[in-house]
Each structure stands twice: as structure tokens, then as C-alpha cells.
Amino acid sequence: MTSRPIQLLLAGAALHLMAPAFGAEDVEIARLASQVCASCHGPHGDSISPAFPRLAGQNAAYIEAQLKSFKDQTRGDAYAQAYMWGMVAQLDEDTMKRLAVYYAAEKPNPGRPGDPANMAQGQHIFDSGIAASGIPPCASCHGANAQGKDAIPRLAGQHPEYLVKQLVAFKSLQRGNAPVMHVVTDKMTLEQMRAIADYAASK
Amino acid sequence: MKALRDKSGAILASLAALLFFSGFSAQSFAVPSFARQTGVACEGCHTVFPELTPFGRSFKLNGYVMDNLPQVKGMTTDNKEALLLNWLPPVSIMFQTSYTSTSKPLPDVSGIGNSQNGQVLFPQQASLFYAGRIAPNLGAFIQMTYASDSGTFGWDNTDIRYADHATLSGKDVTWGVSLNNNPTVQDVWNSTPAWQTPFDQRSSAAPTPTAATQLDGPLTDSGVAGLTVYGYFANSIYAEFGAYRSSPQGFAGQSGAGPLDSSASNVVRGAAPYWRLAYERQWDRSSWSIGAFGMDVDLFPGGGTALAGVTNKYRDVALDTQYQFIGDSSIYSMQAVYIHEKQTLNAFAGQSDTLNTLRVGGSYYYQRKYGGAVGYFSTTGTTDPLLYPSGTAVFGSANGSPDSKGWIAELNYIPWQNVKVALQYTAYNRFNGGKTDYDGAGRNASDNNTTYLLGWINF
């Protein structure tokens, strides 16, 4: 039988060993994120250019799924091919998981109100969908506050322009790693996409 | 007859010198081995080569080491990286071919009439690069160039750098050390001389103005090596300091003590300090930078005179700025630089001169495929017949003035990201001090207007 002090010591050692692997104390991943990913995604996943998504506060399962999609090349939108196919080529699954945990723990970017002309239409589609076009309410999967869950991405605080580009890519099947989103966007107009993006990003 | 022969000889020598130097100052950048190493397409680092995007600037500041290729690794017993080599060497080839036509042909070296106009250079320039990671924090951009005018391979732009990160006041600092052979070749903004777009590609077969500040090429042409240390704080504030010392090439076989003997020209006395400060702000799809840089150079004229005693002193201070917008379809950018040079020429006649260079340019690209650029350039300074003498056709100055001004306009077609075709026109309002008969031999500034068609591939 192991004494309690030794149990505590072992538990402490185990936590110490685990810390670098998962969570904010993962120094190796923090270095990878700040020295490589930050070039496009910003120092804490808060990218400046809407060409690159904000990762801060994004759901870990979603980030991990995307990294795997880049690696197996099932996500093939233009920027994915130009940047991410190469960037993830040497990432193993453990590193992907730890990167996902790292960014999920960062503080998400606060949403900002979008184009006032879009907000009302965006809110309507986001909350109620357009039944006639087969567009379900975005909130039904992405949550009332666009926070997402697990492998369903957080949209709140994202660059609206980036969201529009993804909706276009789903529709055109350029981004073919989310068949559900192809169905959702199939009859969606560009104007509707802009409205949804402005509203969801503002949450 | 002797006078004619002397004149022809002078023209030939001037032409040879001009072609030699301009051939090696034609800049090139855009290296497929970086793309192979990172797995990122050219568009990641370049708007259109050679102009760098924010990601490209980051890649360069980080020492060209980002990689996504299988590596040959070596580890120490305490589990630290002792070797990190790409499985395949990061080697690339660049090939440029061109057609050049001046408004009026250049004088024939025989002194009778003019030479044939419409020069095809195949290649104009061909380069072999080693560009990529060398060790965990060490990378290099090394360019060897064959220039058709000299018919030889020569050492071209080189930047070997170590880079790492530190934290200051909770913010990231990218810091590094660069060993390079051309002041500003290590710079990451395309508003400094080594890589200033759209002025970086010029014909090596057309005359270019004689006067240039030290930062604009003469110092590099005489052969220098520099060591600089830099830091980039929070992706916004950049500071760099270093020094350059003469490093002439091709001295073997000369009499004397070697590379620093008096057979070399324009030898740096001691070391020439170099400094650079810049600020960059990024927002949305835009970035804007403003900066200053400068150099203090003491040069022994050499060329047969002892490398001792008085020197010619050059103090260059420059301001530069760049704006970029990188959209999915449209990309536009603007670069400007102003260089002021104070010359105290104690090794000549003790005169004090100034030279001021301004270049402003802008470019637009659609879909990174079709583009155009326009730029204005001006170099003005103190009239000094000793420094800018008359008596040489095309390259002389009848009034001793260094002033040259003009415009450059180009159209670009980039069928693939590593292939560029450019049609460029350069128009001179003033050349080596004058608009008409500037050389005293009847040549007008506009006679040097140049049509230049460039084909450029990298693989």
C-alpha cells in the first residue's frame, strides 16, 4: 500500500508530466503557435487579416477535425491548399490535439456589430432559417450565441468575410469536408450569406 | 585618331563597367525551394514575387527555417536538436531572358555611328539558389548568378541568419543575426533599395544614371560583408544595428597583400555602421510600415593609391514607407524611399557634396495574374565636374551635374505563380545632369528611354 504523501507526490509528478501535453502550460505547443501559426493567425489566435480565421476560443474538436482534414486533403478550399496542406504535412495527431486545446483555451474575440443593413436579415435566418429554401436555423447547430459545440465551429467573433468565404466554399463543394453544410448552403444567396456572417460574427 | 581611340576605349570601359555592375544589381527573389520546404504556395510569402506579404516577412525574420518536410534529425544526449536538415537540399534555379531596346542606339565602340539596337539576352541572368533551413534556428538565402554580360558566375545576394524568439513585457520578440553582403538585402519591406518594387528589375543592357548613393548599390558592388543584429517587437517595432566591412571578390592573382590591398577600389576603412528602425501596423487586409535607415561609410579610393590617410566619407540617411492591401482578387501596394547622402570627399579634392534620391512606386495585381506598376525616380545633387566628369559619351555629364529623373511603367502577366512576363518602359526626363545633349556628345536624356521585355521563371 502506498503512503498518502507518496500518492500525492506521484499525483503531482503525473500532473507535471501531463501539463506540457494538454492545456495552457504546454510550452512546446505555445512556442509552435507563436512562432509558426501566429504568422497568419495572430499571436493568440486573434488574426488581423480576414483571409485567416480567428482561432482564439474556437472549439478544440473543430480545430482538430480541420487539421486532420487539411492533412488528408479532404478540405480543399483555395487557402487550405495554398497554406494549410503544407503546414500540417508533418503534424502528428498528438500535436494537432494539443494545438486545438491551446487555441480553445485562448480568449475569443468579442463580436462587433456588422453592417446594420444585414443584421436583421441575418438574425432572422440565424434564428429561424428559411424553410422555403431548405435553410435550417443556424442556431440549431451553432447555438443561440453562435458559440458552436464540439466539432461544430464557433462563429461568434469570427471575421465575417472569412465566414462568407466558407459558405461559398461549402456551396461550391470546394470545401467538401462538411456535406451537411453543402446541403444547407445549396440554395443560399450571396446576400443571405453576408447577412448571416455579419450577424453570427457579431455575437 | 589617338583621341578617337582613347574615346572609344573610355566608352568601352564605361560600358563594360556599367553592364557588369547593373547585371549584378538586377535583383531577384522568389525561391521555389522555400515553397517546397514549407509546403506553402508562393502566394503565402509573396503578393507577386519579389514583394513580400506579412507572412513572407515573418518567414524571413524567423530565419527561413519554417519547414514541413521530413527532416534528418540528430539529437544530443540531453535531447536537444543537434541537426535538422531537409531530406532534399533546398535548391532552386532562376532563369531570366530579356529584350531591350533604347530610344536611340548606343554609340558603336568603333566610334563610327551607332550599335545595333534591340538586345536579346538569353539568359540575361541565371541563378542557382540555396534557400532554406540549415539548422534548427539557422537558414540561408544564397544566390549564385551567371550574368550574360560578364559571361561568368558571380556571388550574388546572400543572407545567412540565425533567429529565435524572446518575450519582453509579455510580448513576443523575434530576434536574430544576419550575415549578408548587401545593406538592405536582409530587410523585409520592399521599400528599401535591395528589393524595392517596382524598381527591382531593370535591363542590364540599357544605360542607367551614373550617380547613386552608397545604399543604392555602389557599396555592394565594391564588395562588402556585414553582420547585423535585429529585433522585431510585437510584430510592430523593428530595430537593427550592424556594420559592414570590405569583402572584395576575385582578388587572386593580384600583386600585393591580398583582398584589402590598394588594387581594390573603394575599400571601407574599418567597418561601416548600419542602422534601421521601422514600425508596421496591420489591420484588416492592409499593412503599413514607416521606417528609417542609414549608414556611415569611410572609403579609401584605392585603385592603386595607398589604403591609408584621408578617406571619402558618406553619410546616408533614408526614410521609407510601404502600404499593402492583399485581397482575394485585388492586390495593390505602394512603396517610397528618400535617401539623403552627405559626401565629404577628402580623398578627392576635399569638396562636400550631397546626393538625394527619391523613388515612389505603386502596383496593382488582379487575381495575382494580371498587373501593372508605375514609379517615379529622381536623383539630384551638387554639381561637381570632378565627380561627374564630361568627355564620355552616354555616361558622362557635360555640366557636371548628377541629376537624373524619370518614370517607369510596366505591365505584368503571371500565368503561374513562379513565372512572370513583364513589359517595362523607362522614360528619362533628365539623365546625368541634362535633358538635351547631356553628355556633350549630342545625346538627349530621352534617347535612353528603354523598352524592356522580361521573361522570368523560377523552379
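In what hand of crossing does α3(A) pass α5(A)? The crossing is right-handed. The model that shows this is predicted. The axes of α3(A), residues 60-71, and α5(A) come within 8 Å and cross at roughly 140°. That angle makes α3(A) oblique to α5(A). From α3(A), the contact takes A:Ala60, A:Ile63, A:Glu64, A:Leu67 and A:Lys68. From α5(A) come A:Met96, A:Lys97, A:Leu99, A:Ala100, A:Val101, A:Tyr103 and A:Ala104. Sorted by class, the contact of α3(A) with α5(A) has 9 nonpolar, no polar and 3 charged residues.

Helix α5(A), residues 93-104, also packs with α2(A), residues 27-41. Here the angle is about 75° and the axes are 10 Å apart. α2(A) is therefore roughly perpendicular to α5(A). On the α2(A) side, A:Ile29, A:Ala30, A:Leu32 and A:Ala33 take part, and they meet A:Arg98, A:Leu99 and A:Tyr102 of α5(A). This contact has 6 nonpolar residues, no polar residues and 1 charged residue.

The loop between α3 and α4 of chain A holds A:Gln73. A:Gln73 has a positive phi of about 60° although it is not a glycine. With 13 C-beta neighbours inside 10 Å, A:Gln73 counts as partly exposed. A positive phi near 60° is also found at A:Ala146, again a residue other than glycine. A:Ala146 lies in the loop between α7 and α8 of chain A. Is A:Ala146 buried or exposed? It counts as buried, because it has 23 C-beta neighbours inside 10 Å.

An α-helix has 3.6 residues a turn, so residues three or four places apart point the same way. Just after the helix, A:Leu173 takes a positive phi of about 70°.

How do α8(A) and α10(A) cross? Their axes come within 8 Å and cross at roughly 135°, which makes α8(A) oblique to α10(A). The crossing is right-handed. A:Pro160, A:Leu163, A:Val164, A:Leu167 and A:Val168 of α8(A) meet A:Met193, A:Arg194, A:Ala197, A:Asp198, A:Ala200 and A:Ala201 of α10(A). By class, these residues divide into 9 nonpolar, no polar and 2 charged.

Chain B has two cis peptide bonds to describe here, one between B:Phe49 and B:Pro50 and one from B:Phe122 to B:Pro123. Omega is about 10° for the bond that joins B:Phe49 and B:Pro50, and B:Pro50 is placed in the loop between α3 and α4 of chain B. For the bond from B:Phe122 to B:Pro123, omega is near 0°. B:Pro123 is found in strand β4 of chain B, residues 119-135.

The last topic is where the chains meet. The contact takes 18 residues from chain B and 17 residues from chain A. On the side of chain B that touches chain A, α3 (42-45), α4 (54-61) and β11 (272-283) of chain B each give two or more residues. α4(B) gives the most, with 3 residues. By class, this side of chain B has 6 nonpolar, 8 polar and 4 charged residues.

Conventions: Residues numbered from 1 in each chain as written. Chains lettered and ligands numbered in written order. Predicted model: local features only at pLDDT ≥ 70, side-chain atom pairs only at ≥ 80, totals over all residues. Contact = placed C-beta atoms within 7 Å. Helix = DSSP H or I, 4+ residues; strand = E, 2+ residues; numbered from the N terminus. Nonpolar A, V, L, I, M, F, W, Y, C, P; charged D, E, K, R; others polar. Axes fitted to C-alpha atoms, helices over the stretch in contact; angles between N-to-C directions. Parallel < 35°, antiparallel > 145°, perpendicular 65-115°, else oblique. Left-handed = near helix turned anticlockwise from the far one by under 90°. Buried ≥ 20, exposed ≤ 12 C-beta atoms within 10 Å, placed from the backbone.
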